[in-house]
Amino acid sequence: MSKTVIKTNGLTKQYDGLNKVNDVVLNIKKGRVYGFLGPNGAGKTTTMKMLLGLTKPTNGSIEILGMPMNKEFKNKILTKVGNIIENPSYYGHLTGQENIELIERMLELPEGSGLEMLKLVSLEDAKDKKVNDYSLGMKQRLAIAMALVRNPEVLILDEPTNGLDPAGTRQIRELIIDLAHERGITVMVSSHLLSEIEKIADDIGIINKGNMVFEGTADELDKIRKNQTIIRTNNNGIGVQLLQELDPKIVKDSIILDNLDDLRRAAVVKTLVLNGLKIYSVVEQKKSLEDLFLDLTGGK
Amino acid sequence: MTIVKSINFELFKLKHRYFYLTWVLLTVPILAYIIYDLKDSGSYSNFVYQNTASYYYDNLLKALMLLGLLMPICAGVLISKLVDQEHKGNNWKLLLTNNSSFYQLWYSKFIIVYFLMELSTVLTFAVVIVGVKLKMGYPIPVNDLLKNFLAVSGANIISLTIAEGFSVYFKNQLIVLTVSLIGGFLGIISPLMPTEIVNFIPWGYYILSSLCRNELAGVNEAGRYIYSVVNIEPNYIQILSVTVLFIIINFFLAWYKSGREV
């Protein structure tokens, strides 16, 4: 059983009397990628800011690397926790190398110790270029390199692939997996895209309207995440009559069936074919994040 | 991180930003004007001086007017250069999660700009003192000038506190620049206003530090106005009190902002 690196209990943050984050319990284990999923405004960034001591919780406790996040331990914790919150932070008028030097100075690390990180994020060739001239993907990678300079035990990354093109997204994704699985860094990464999180996360926490609605492994989520089978035929009306017991719905030009396993899907196809329907396509699709929230919150 | 390291760190961030050039561009006009004025030997003939010290006080009055104009602008422009880089991309988060405290950031930025403002003030005083000494050879009223220098240093604290407050509290740096320009304008026109009003103008404290005032004494045969230079004792207690008040305001602004979310 992996050691818990980040642990929160009853974490709550109020703004103007309203709970932006409500009674959040997190258990993030060492060396794993923890996907923190939720729609925009769900409370992901606020939770991460509380973890980093950038905002004080209204209630609840935070423990990181076995230390409580308070005035006494804050700096000690932060020397072991790299982060990117909201947008990548950097000094655009400085070069990539100077930005790395800046972190070395802040953390009082030996000069040049962080240059290896530029290599790790494939920015070695651009180290003398001003960051204002970097592409968005390069800026994101630089921010990750800056977060890595301290050789962190934990990385907290808030939507690190935001605004990146597919190639950039892939690079960041591979980097995160590599950091966790090769270097043993615990990575907490937030996103509003389920598709993004499921590609990298070992464990997933889902937050909606400030409340945690799920926390478990990716496999556990997969089990409760119902699929949909989308069938396109030459006569959907007859198809719906034939499959009545499965509670089918017609959406646009397709029949939608919820939560079929492979055997039942094969049986459905067989029934339709034996009744003379022409099947143009059968697609299995996992439920969207929106539908998943509805399932997890009972539609509230 | 100690405050010294924090200052070094701030200086490192200023690379490629032409920060010192800005300071030079704001200081050179003051020095150039004073030197020009000192060289213009005819200018003394229109003035009646109370004693030999008045020559120093009168030249310093002109310098204070320029400091009153340019120091608020210097404070606004320089502090804005230091703070704007943190507002862009919200680098406060980066700093506060990397071994820096808000107080260190606030005071290291303050110290850097204050040092440069003080350097401008020292150079201004030096040029006036050396200039008058070389030209007239009169003894230097060391005590008065020293007290006066400290009063102007207080005025610098007042200007910079206002500028830093606006710069840190408002992301839009046009606000601090506008306030500084207004401050500079009020600073230079404050000799034209009644002292009762100037007392309430923070940027007026450059002029309130003056050791003399010019009074119209009459017209000479050539039809030129004659002024008498009247020595005055600035209200150092008031200047000190207002400076202390602004030091407290400065601390309060740093404390209040440090407790707020970035």
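Of the 300 residues in chain A, 50% are buried, where buried means under 20% relative accessible area, exposed over 50%, and partly exposed in between (1.4 Å probe, protein chains only). The model is a predicted one, in which local features need pLDDT of at least 70, side-chain atom pairs count only at pLDDT 80 or more, and totals for chains, interfaces and linings use all residues. Residues are numbered from 1 along each chain as its sequence is written, chains are lettered from A and ligands numbered from 1 in the order in which they are written, and side-chain values use heavy atoms, with hydrogens and water left out.

Chain A holds 11 helices and 15 strands; helices (H or I, at least four residues) and strands (E, at least two) are DSSP runs, numbered from the N terminus. The C-alpha trace of chain A spans about 75 × 45 × 40 Å along its principal axes. Its accessible surface is about 14,200 Å², with 46% belonging to carbon and sulfur atoms (Shrake-Rupley method with a 1.4 Å probe; for residues, only the protein chains shown count as cover). Among contacts in chain A with a separation of 6 or more, 68% join residues 24 or more positions apart, contact meaning heavy atoms within 4.5 Å.

Beyond its neighbours within four places in sequence, A:M188 touches residues including A:L26, A:Y34, A:M48 and A:I156.

Helix 11 (residues 289-297) of chain A buries A:L289, A:L292, A:F293 and A:T297. Seen down the helix axis, these buried residues fall within an arc of 115°, so they line one face of helix 11; the arc is that of the directions from the axis to the C-beta atoms. They pack against elements of chain A including strand 4 (33-37), helix 7 (194-200) and helix 8 (218-224).

In chain B, helix 1 (residues 3-13) has B:S6, B:I7, B:F9, B:E10, B:F12 and B:K13 buried. Their cover includes helix 3 (96-107) of chain A, together with helix 3, helix 4 (91-96) and helix 5 (102-136) of chain B.

Side chains of opposite charge can pair when their charged atoms come close. Over all chains, 22 salt bridges are found, each a side-chain nitrogen of Lys or Arg within 4 Å of a carboxyl oxygen of Asp or Glu. One of them joins A:K49 and A:E86, with the closest N and O atoms 3.9 Å apart. A:K49 lies in helix 1 (residues 44-51) and A:E86 in the loop between strand 7 (81-84) and helix 3 of chain A, so the pair ties together parts 37 residues apart in sequence. A:K49 is buried at 6% relative accessibility, whereas A:E86 is partly exposed at 34%.

In chain B, B:K13 and B:E86 meet in a salt bridge (2.5 Å, N to O). This pair links helix 1 and helix 3 of chain B across 73 residues. B:E86 also bridges to B:K109, the closest N and O atoms being 2.7 Å apart. Here helix 3 is linked to helix 5 of chain B, the two residues being 23 residues apart. B:E86 is buried at 0% relative accessibility, and B:K109 is buried at 1%. Salt bridges with shared partners join B:E10, B:K13, B:E86 and B:K109 into one network.
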